[in-house]
Amino acid sequence: MLLITLGSIGFFVWNDIKKNKRHVKKYNLHTKITISTTLLIFVVSSALFFLFEKDGLMKDMGAKETILASLFSSVTPRTAGFNTIDTGALSNSSQLLTMVLMFIGGSPGSTAGGVKTVTITVLVVYVWSNLRSETGCNIFGRRLPDEAIKKACNVVILNLLLAVTAIIAISYIQPLEINELMFEAFSAIGTAGMSMGITRELTAASRLVIIILMFCGRIGSMSFALSFTERKQVPPVKLPEENVLIG
């Protein structure tokens, strides 16, 4: 778990920690967001796994084994793909939680996949700031730039679009349980390496879809999408603006 966490935090964070040591106030905003989000996800997801499986898959384990299995289950979906319990025997709630963790993944500049912890935090802060009608998105005494918010929205939407498209495509190609198929797709886009055991049952066409998902997840959905677009200059004249109804 320690090795997985060290690899998922990112090289930029470790460089910042090495430079500023225990002077937390001197850490970059990126480092603060990464560390706090990683710890929050670790604590919350571990508690949820314990709650979901203590009377299910882990009911025959001792207290120490149950806690350790819960901690491991909260860490491994975010980048590693190892497992200490039967992934296929997880409850529906644990399966969904694992998919969420695989979708989030690690942190920017790390060996992990997913949309990244900082991306999710930026979107949460953005939504929270809008609900409170605040000026700008503020966190840890700093304001997030608009460009970071746009990139976060693009990354999450593109990853979701790719995963949902793949799920629909594979479900059309061959009949499979939707929860197993969703698990496979989110594992691929998050490059988590986890499976409920249906990979060997996939046809050649379905495997090709999974391969494309893994490729997009590894290089980044944003980079994959931009590779098909041309860099165009900003036009001197913009189209007129008009409001639309949202929500």
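Helices here are DSSP runs of H or I at least four residues long, numbered from the N terminus. In this predicted model, local features need pLDDT of at least 70 and side-chain atom pairs count only at pLDDT 80 or more, while totals for chains, interfaces and linings use all residues. Residues are numbered from 1 along each chain as its sequence is written, and side-chain values use heavy atoms, with hydrogens and water left out.

**View 1. Helix 1 gives the most to the lining of the second largest pocket.** Here you are looking at an open space of about 260 Å³. A pocket is an open set of points on a 1 Å grid over the protein atoms alone, with protein on both sides within 12 Å along at least five of seven lines, and lining residues have an atom within 4 Å of a point. The volume is the space filled by probe spheres set on the points, which are joined across faces, edges and corners. Helix 1 supplies 6 residues of the lining, and helix 2 (11-20), helix 3 (29-53) and helix 4 (63-75) each supply at least two.

**View 2. Thr5, Leu6, Ile9, Thr38 and Leu39 lie nearest the centre of the second largest pocket.** These five belong to a lining of 17 residues. By class, the lining has 11 nonpolar, 5 polar and 1 charged residues (nonpolar: Ala, Val, Leu, Ile, Met, Phe, Trp, Tyr, Cys and Pro; charged: Asp, Glu, Lys and Arg; polar: the others, Gly among them). Take a moment with Leu6, which has its place in helix 1. Leu6 counts as partly exposed because its relative accessibility is 35% (buried is under 20% relative accessible area, exposed over 50%, partly exposed in between, with a 1.4 Å probe and protein chains only).

**View 3. The structure holds 1 cavity of 30 Å³ or more.**

**View 4. Ala152 sits in helix 7 (residues 146-173).** Is Ala152 buried or exposed? With 3% relative accessibility, Ala152 counts as buried. For a sense of distance, find Leu239 as well: Ala152 and Leu239 are 25 Å apart in space, C-alpha to C-alpha, and 87 residues apart in sequence.

Technical notes: On a 1 Å grid over the protein atoms alone, a cavity is a set of points where a 1.4 Å probe fits but cannot get out, and a pocket is an open set with protein on both sides within 12 Å along at least five of seven lines; lining residues have an atom within 4 Å of a point.
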